[in-house]
Amino acid sequence: QALSNGTWRVAFTNAPPPSNGMLGPFKGESFQVVDAASMAYENILAVPPESWLRVRLRARYEALRDVDASGATWKVTFETVKLRAFQRFDVFEKSF
């Protein structure tokens with residue numbers, strides 16, 4: 001079963017930073033961008049104003065079990081995390 005394509009604002013999560021909207025003392029907005037065709041997604045934290053600080057966590061996923069009464073089971077493989085400042089300076093990048 002594929003996830004829905006598009007960019008989604010994260011309204012609630014119990015995930016750790018930065019997916020929960022926090023990065024150290026900075027608070028921002030969290031988004032998830034899903035590309036179902038490539039079975040990939042990004043979790044993005046954008047700190048205002050104008051997303052001066054942005055963190056991107058890229059991952060791929062595959063369904064291990066289809067949706068049933070108890071939900072679905074997904075295998076997620078994280079690929080990279082990247083921190084960018086002022087929309088031009090790559091401060092940090094790590095591959096997994």
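This is a predicted model: local features need pLDDT of at least 70, side-chain atom pairs count only at pLDDT 80 or more; totals for chains, interfaces and linings use all residues.
You will find E50 in the loop between β5 and β6. Look at its backbone too: E50 is a residue other than glycine, yet its phi has a positive value, near 55°.

The loop between β5 and β6 also holds P49. Here the peptide bond that runs from P48 to P49 is cis, and its omega is near 0°.

## M39, in another loop

Now move to the loop between β4 (29–35) and β5, where M39 is found. M39 is not a glycine, but its phi is positive, at about 55°. How exposed is M39? Its relative accessibility is 35%, so M39 counts as partly exposed.

Time to look inside. In soluble globular proteins, nonpolar side chains tend to be buried together. The largest nonpolar core in this model has 8 residues: L45, V47, L53, V55, L57, V81, L83 and A85. Which strands each supply at least two residues of this core? They are β5 (40–47), β6 (53–68) and β7 (71–85).

V47 is a handy member of the largest core to explore on your screen. Setting aside neighbours within four places in sequence, V47 is in contact with F26, K27, G28, W52 and L53.

Definitions and conventions:
Residues are numbered from 1 along each chain as its sequence is written. Side-chain values use heavy atoms; hydrogens and water are left out. A nonpolar core is a set of buried Ala, Val, Leu, Ile, Met, Phe, Trp, Tyr and Cys residues joined through side-chain atoms within 4.5 Å. Buried means under 20% relative accessible area, exposed over 50%, partly exposed in between (1.4 Å probe, protein chains only). Helices (H or I, at least four residues) and strands (E, at least two) are DSSP runs, numbered from the N terminus. Contact means heavy atoms within 4.5 Å.
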